[in-house]
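Biologist: I am new to this structure and would like to know what stands behind the terms used for it. Could we take them one at a time?

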Amino acid sequence: MKGRPLLSFTICWLCGSGMACALTGWTLIWGMIGALACLPLLLRFMDVRGWSILFLLSAFIGGAAHWEWNDARNHSSLPETTHIAIRDLDGLVAEIQGELVSDVRIDGDRADFKMQMSSILPISDSSADTDLAASAFQIDEQLMVQVRLLEEEEQQVAASWKRGYTITLNGSFALPGEARNFGGFDYRSYLRTLHIHWLFKVKGAGSVTAVAPEGLGQYNVLRWTDWARHTLGSAVEHLFPEPHAGYMKGLIIGMATDIDPGTYGQFSQLGLTHILAISGTHVAVYVASLLLILSWLRLTRETALTIVLILVPAYVLLSGGSPSVIRAGIMSMIGLYMARRGLARDGLQMISAAALLMMWWDPYFLLSVSFQLSFLVTAGLMIYMPLINRLFSSWPKSLSATASVTVTAQLISFPVTILYFNQFSLLSFVANFLLVSLISAIVLPLGTVAMLLSFIWVPLAKPLAWIAIQLNQLTFISVEWMNSLPGFVLIWATPPLLWIAAYYAVLYALLYLLYRGNGEQQETAFVEEETAPLVRGQPSVSMANMGIRSSVSTVAQDQGKNRVDGKETSLTILGASIAWPEYTSAFTARGAGYYAYKRMSKVQRWLCGLLALSFVAGLLWAYQTPKPAGTGIVQFLDIGQGDSTLITTPEGKHILVDGGGTVSFGNNEQSWKTRRDPYEVGAKVVVPLLKKRGIHQLDAVIVTHADQDHAGGLQAVLEQIPVKRFMFNGTTSGKDNFDKLLNTAMERKIPLYAIQQGMSYKVDKETILHFIAPDLAHMDVNVSGSLPVSEHQNHDSVVFLLDMAGTSMLFTGDMDAAAEQDLLYMIQDGSLAAQFEQKGADLGDTEGVVQRVLTRPLQVNSNDASSAFGSIDVLKVAHHGSKTSSTEAWLQYWNAKTAVISAGVNNTYGHPNPGVMERLEATGSEIYQTDQMGEVQMRVKDGKIDIRYKLFGVE
């Protein structure tokens, strides 16, 4: 870092901001004291002395102070202005007025936009609140507005609302949803990083009055940007059919929200979504194209650089202004300015300037995944790529450059990828190597030219669009084929930040030793410490080599040892060599370009081996599912109105009981309401939580019955998480969704088991499941098809006792009062215990009911299960606390110490029923509700249960 004061200052600033972000109150104060005590020692060790230490200490303190100052001001002024408590504001009906400050996004029956509120008039039907209702308050605060469209025609009305319009809305305030599961997505915290604290919900476009601005208000640069983006998007839609249209809009204009969700999911699994976000690669192509065009126009070098410098901000705005493209834009502008002035360019100094400017403007950029990936990968390419280049020195030059960039970018982005997305495909290296160059160097320019030509003459643009479509089809097929290969997608639990820091440090030390100590050093394509001079007469780097990762935005550096000759007109910037007609540029190695042959000493070899071993051990440690040794965990997930429970046994086996599901009440006549990416509990909540907790596979999935609120979310689970066995009640509901779920299980060769009374499943030495319902022999089913169809799925729910680590828990699905009564009779007359004795070691295929799908028997514990029938520790209350279940006799018999109710917040069914709550309280059960407490976790060890829940702390 010597000779780079801005880099050192920026690192210290970011460290200070990061500490202030992670810590609060006294924890922050003591953390700052500890850091300030250690930092001077670290700087002295790095041979930083004198005033430099004070300079960097001030940067560290400044970063923390800047974060705290901004964070303290980031709060809602609504309660203070209106003198209404937050709990009363939530749901308050009001009329508000302000300015529309974003583009309007329409998806199905909903329109979303941001609004800068200027006044609020509370509305109340209560005579007691007459004074309040008559008071209008002036306020300056930004809101997220959600308009529910009631008629299809209202989509066109919403599309007419533009940025800068003065709008008046009638609706109600709502607090953004917070994370209701441990490790779940916190929408409230996310909106806070955008300085938004409230939602305003509106029913119908008729409740919105929009007035176009007049005078100078019409000349809004951002309004013109929105118009240009929509115009370009429409041109793309006319040239390309779906799914190509959405894909090309994301690729060319950065409209990622229009990409087909299935296509986006396929790209995401292979780590290719960076291609669909405008960033360094796109800016490189844009700058290169402009310089090439201006050179054809015979403009002078200085004039061309000035014109491009002015046009870069326009492209940043046009592409949507994501953190990654802002970073690339700032770096390109700095590089262009310094090239025009003939000054030396240092990539690390330039990226430091970009980071500092962005953090000063908005410190919450630090929490943006796009910001983190963009800066990490860009800086990583500058620092790590020189060390990796030699691994591909024997490859052809063009392939070597692409391979070096791909491997470096993948290694650098890996920790952040698993931190936020909890998965990594081993084929990501191959996919990026093969497809990124094709997409960025061929498809992107082709699509862009076709789009621009369509404004001149559409028939001229059609052939180019056709070529792009064929290449897209090749890309889609390749991506789908790679994703279909089993075993390459690895699921990783969320790693600690300390592990991420250690990963980068050990990786650099290992690569540095290999680079410096073993073998002849080949000429490198990039050297971090040295200048990349502009050299006359060298072969230029082709545009194909610009097909690098989206975050790649490397800049040639000059420490002053090599100056730019006034005659040279080549510019190396943003990871691309942009060649002018007479001259080209190339990178050269340090000094004469070669290092002398060096052989590792014995100590170096031992150190290298130790680092390699540490690196592999660290990866293996991070890959393991985190779990306290010898402790079982039962996690009652909050998935809204439905059921989903994850059981982790003391030996690390994982069982998922139900998966929730989104219940749809729509019909085909209202297809216009269907959203591009509809909310689905399994894909949006259950699967991400399983991945965050590092669940590599599920030993069993148990669906208690076929209703959508229990089985619907399991479709996403089976598609994304390996499952060893699937258990159900042996019937189908006759609905397409459940039949699709069973078909998916069979396609993936997951063994299916029809559960019936008397079966047991021994999971490990401390865990066994005793199934006490349903009784297939007495079920009212229609056996006309290959599987029996039951219209009484609640009654036929799978019910089982979980004996784990000295505790007992009863899971009841949605069983009704009649099923409870039948079970009580069987328990009391001893016939249920006899069922367990009669089943034997092989469950068979249950009288041929499910011969087609039953593939193998479960492992059975032949011990008498009757000892489990009695007082229990935990009761999973049936049917979300509905009045149709949990009779007094049932609750008194089991006499559970603890009861758990899974229900949705403010659900329309009124669950849990007040009568059920009274009966539970009468039995003395301690009650936990997911609608009030969020996720409820029970840690089980040696017969003791420790309970914690998400929303109100730990008990």
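Modeller: Two strands count as a pair if DSSP finds at least two bridges between them. The model is a predicted one. In it, strand β1 (residues 93-100) and strand β3 (residues 110-122) are joined by seven bridges and run antiparallel.

Biologist: Which strand is joined to strand β1 by seven bridges besides that, and in which sense do they run?

Modeller: Strand β5 (residues 166-174) is joined to β1 by seven bridges, and they run antiparallel. I96 has its bridge partner in β5, namely L169.

Biologist: What is the overall make-up of the protein chain?

Modeller: The protein chain has 30 helices and 28 strands. Of its 955 residues, 52% are buried. Its accessible surface is about 43100 Å², and carbon and sulfur atoms account for 58% of that. Of the contacts between residues at least 6 apart in sequence, 75% join residues at least 24 apart.

Biologist: Why are β19 and β28 said to stand at the edges of their sheet?

Modeller: The sheet in question is open and has eight strands, in the order β19-β18-β17-β16-β15-β14-β27-β28, with mixed pairing. β19 (752-754) and β28 (944-949) each have a single partner strand, so one side of each has no neighbour in the sheet. From one strand to the next the twist averages 15°.

Biologist: How do you know that strand β17 and strand β18 are paired, and in which sense do they run?

Modeller: Strand β17 (residues 700-702) and strand β18 (residues 726-728) are joined by two bridges and run parallel. The requirement is at least two bridges, so these two strands meet it. V701 stands opposite F726 in β18. Helix α25 packs on the sheet, where it touches β18 and β19, and its direction makes about 145° with that of β18.

Biologist: T744 lies in helix α25 (residues 736-747). Why does T744 count as buried?

Modeller: The relative accessibility of T744 is 8%. Buried means under 20%, so T744 falls in that class. Leaving aside residues up to four places away in sequence, T744 touches Q715, L718 and E719.

Biologist: What makes I293 partly exposed?

Modeller: I293 has a relative accessible area of 41%. The class called partly exposed runs between the 20% limit for buried and the 50% limit for exposed, so I293 belongs there. I293 is found in helix α12.

Biologist: Which residues form the nonpolar patch on the surface?

Modeller: The patch consists of L292, I293, W296, L297, L299, I307 and L311, with about 630 Å² of accessible area together. α12 (280-296) and α13 (301-318) are the elements that give two or more residues to the patch. The largest share, three residues, comes from α12.

Biologist: What is the strand order of the open sheet of seven strands, and which are its edge strands?

Modeller: The order is β20-β21-β22-β23-β24-β25-β26, with mixed pairing. β20 (760-764) and β26 (926-929) are the edge strands, as each pairs on one side only. With direction ignored, neighbouring strands of this sheet are turned by 20° against each other on average.

Biologist: How many bridges stand behind the pairing of strand β25 and β26?

Modeller: Strand β25 (residues 898-901) pairs with β26 in the parallel sense over four bridges. At least two bridges are required, so β25 and β26 count as paired. V900 stands opposite Y928 in β26. Helix α29 (residues 914-922) lies across β25 and β26 and runs at about 145° to β26.

Terms used: Residues numbered from 1 in each chain as written. Predicted model: local features only at pLDDT ≥ 70, side-chain atom pairs only at ≥ 80, totals over all residues. Heavy atoms only, no water. Patch = residues over 30% accessible without salt bridge, like charges linked within 9 Å, V, L, I, M, F, W, Y side chains within 5 Å. Areas by Shrake-Rupley, 256 points an atom, 1.4 Å probe, with all protein chains shown as cover. Salt bridge = Lys/Arg side-chain N within 4 Å of Asp/Glu carboxyl O. Buried < 20%, exposed > 50% of the residue type's maximum accessible area, 1.4 Å probe, protein only. Contact = heavy atoms within 4.5 Å. Axes fitted to C-alpha atoms, helices over the stretch in contact; angles between N-to-C directions.
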